[in-house]
Amino acid sequence: MAITSQPPLLTWNHTAQDISQLTEQAIDTYKSAMDDVAGLDAKDCDFQSVALEDANMRFTNLTGQLMCYKDVSPSQELRDASSKAESRIDIFKVEASMRLDVFNAKIAAEKNIKKSGLWDRLSSEEQRLVEKMILDGKRLGLALSEEKIAKMTALKKELSQVCSEYGQYCNEQNGSILFTEEELKGVPKEELAGYTKSAEGDNVVYTVTYRGLDIFSIFGYAENPETRKKASEGWQSRLAIELRQKIGNLLGYNTWADYVTEVRMAKTGKAVQDFLDDLIEKLNPVGTKNIEALLELKKKEHAEKGLPFDGKFYIWDHFYYKNKFIKQTLDLDTNLIKEYFPVSTVVPSVLSIYRDMLGLRFEEIKDASTWDPEVQTFFVWEKDSNDETGFVGYFYLDLYPRPGKYTHNSVWPLLSSYELPDKNWAGPVIAMVANLAKPTPERPALLRHQEVWTFFHEMGHIFHHLLSRTKFSRFHGLHTAHDFGEAPSQMLENWCWDSRVLEKLSSHYETQKPLSPELIQSLVKSRYAITGLFYLQQVFFSKFDLLVHIDPIYEDYTHLWNSLRKKIYLHEYDKETPGHAAFQHLMEGYDVGYYRFYAFLTVSSETIFKADPFDPAQGKRYRDIILRPGGSRDEMDFLQEFLGRPPNNEAFLRQILGTV
């Protein structure tokens with residue numbers, strides 16, 4: 001299953017006009033292919049004539065790059081053109097997906113295939129493609145009346161437009177908040193150096209943006225509780241749900257949650273609810289003890305500083321007292337830990353771990369065309385290859401924040417792999433878009449351990465995409481059941497708490513020495529410090545996401561957000577703020593999907609890598625069983641094959657409940 005030849009690098013020199021013209025060209029070409037299928041006589045419909053996979057692959061590969069500009073380009077003009085193109089593409093996709101004539105051709109093809117006896121001659125992946133194409137049409141409502149189809153098409157166009165506009169707003173927003181030097185007492189000076197400094201009357205003030213990690217330094221280190229409160233309320237005050245419910249009802253589903261989970265491993269909204277409720281019940285006692293420990297620290301500090309104390313632990317207290325708790329109980333200074341994780345060391349070290357474990361080698365292409373000068377490009381080859389047949393694919397790393405760029409960390413598949421007519425494979429391409437720390441005048445770019453963990457996780461997605469090999473691009477790499485998508489990366493992120501890996505990843509920016517055994521031990525122990533609250537926060541996000549998609553008719557979403565957060569996450573508040581408005585996952589394809597980030601922690605806490613994270617033999621098993629099939633097989637089958645047991649949450653709960 002070799003790549004037949006090294007594909008040419010993508011070029012990133014499009015103009016706004018190019019983006020518009022190429023979008024229309026891609027739409028016209030795909031539309032023409034669908035017209036050909038729709039024009040077939042029913043008796044001529046077969047697997048080859050109606051699959052449309054080649055046309056879909058070409059359309060997706062071209063438009064994926066064009067839409068990427070909206071999240072990464074330094075040019076406002078290109079971002080705007082890309083956003084308009086995305087809206088145009090989304091509307092076209094709705095129209096294309098609702099073509100009854102194409103769906104009828106697929107129904108005829110399925111009938112002909114089974115009637116002729118050809119079904120048993122199809123491969124399992126080909127059979128899966130037929131089943132998915134038919135299910136897609138039914139879930140889109142193409143078996144409904146013409147009136148209902150028209151109504152649903154209009155609702156989907158409106159939903160697509162709302163989500164696209166929301167995403168652009170979040171990327172473009174430039175909100176900030178001003179603090180005096182006195183208000184920022186406790187914030188490390190290297191963090192202050194990254195803020196814009198100016199004069200306001202007789203005071204020196206610092207501008208702290210809501211982008212990236214700026215605001216989180218306030219949460220974690222500002223000693224003045226009013227400063228943390230002001231930052232928290234401002235950040236959270238910065239919805240498509242009803243449209244989704246209407247679409248689900250038209251299709252005959254009781255809730256949007258039931259509609260979404262039908263094609264996921266969970267299968268029903270109730271299964272997700274039962275999973276989350278079980279975690280809440282088991283994590284609540286641990287979270288309550290965490291709150292009590294942090295509240296005791298707050299009480300003591302307020303007494304020492306003469307600050308009023310009302311016996312409550314607020315949302316803006318969390319990071320500040322969590323840092324103090326870890327420092328006092330584990331003698332662990334998170335700022336000191338940062339000094340051992342310069343970006344210049346972490347990135348190549350993480351790459352080398354993946355390289356050795358998966359049997360690969362990398363080649364950085366210095367003069368590659370990219371969308372920004374800071375972006376790096378890497379070719380990936382099989383470790384022992386000596387010709388083009390060993391080429392795997394290539395990836396981009398866009399690691400640092402800049403104005404107008406996507407504000408979180410994610411990966412975007414740009415070209416998917418698929419089987420060529422000669423049975424070889426086309427090479428895949430993927431990009432990581434991150435927002436790691438940038439250097440200050442005093443120090444190089446340094447990462448918190450959490451950021452190291454996140455980078456390691458996202459690189460897992462990179463290799464899932466690069467090392468998948470499927471006949472059809474539809475099933476390639478990350479195109480799995482949505483609630484399985486995080487599992488491959490989560491199986492590896494435990495490495496970031498392994499002493500052997502931490503030693504390899506760390507190098508003090510001044511001395512070049514790795515973390516000492518004592519610091520590593522304290523860091524590993526910190527994983528379980530306040531861990532009940534960490535997971536309860538994620539369960540809260542998941543529960544809010546689920547509830548609004550089970551019953552979207554709430555009079556006050558802000559009240560639901562705040563009251564649910566208090567009930568599950570156990571933090572008080574004295575003013576309701578619309579935190580849900582900044583919960584971007586709801587609008588970016590994770591509806592009834594946030595739970596997936598934590599569902600698979602329950603099955604990946606103990607894997608075959610525990611004994612030796614660098615074992616290439618186990619890396620090959622992981623590559624062959626988990627990464628290679630993408631979504632071409634039922635995920636539960638190969639997950640159980642890999643783990644050697646049915647999935648369960650026992651290992652996860654043993655860790656969290658302190659029995660490990």
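K438 and E374 form a salt bridge, with their closest N and O atoms 3.7 Å apart, the term being used for a side-chain nitrogen of Lys or Arg within 4 Å of a carboxyl oxygen of Asp or Glu. Because K438 sits in the loop between β8 (429–433) and α17 (449–467) while E374 sits in the loop between β4 (360–364) and β5 (376–382), the pair ties together parts that are 64 residues apart in sequence. Helices (H or I, at least four residues) and strands (E, at least two) are DSSP runs, numbered from the N terminus.

The model is predicted, so that local features need pLDDT of at least 70 and side-chain atom pairs count only at pLDDT 80 or more, whereas totals for chains, interfaces and linings use all residues. Residues are numbered from 1 along each chain as its sequence is written, and side-chain values use heavy atoms, with hydrogens and water left out.

The structure holds 34 salt bridges, and three of these pairs are set out below with their distances.

| Pair | Closest N to O distance |
|---|---|
| K438 and E374 | 3.7 Å |
| E382 and R623 | 2.4 Å |

The E382 and R623 salt bridge, at 2.4 Å between the closest N and O atoms, links distant parts of the chain, with E382 in strand β5 and R623 in helix α25 (residues 616–627), 241 residues apart.

K438 and E374 are both partly exposed, K438 at 40% and E374 at 36%. In the remaining tabulated pair, K366 is exposed at 72%, while E364 is partly exposed at 29%.

Turning to helix packing, the axes of helix α13 (residues 269–305) and helix α21 (residues 531–550) come within 8 Å and cross at roughly 145 degrees; axes are lines fitted to C-alpha atoms, for helices over the stretch in contact, and angles run from 0 to 180 degrees between N-to-C directions. The contact of α13 with α21 has, by class, 14 nonpolar, eight polar and two charged residues, where Ala, Val, Leu, Ile, Met, Phe, Trp, Tyr, Cys and Pro count as nonpolar, Asp, Glu, Lys and Arg as charged, and the others, Gly among them, as polar.

Notes
Buried means under 20% relative accessible area, exposed over 50%, partly exposed in between (1.4 Å probe, protein chains only).
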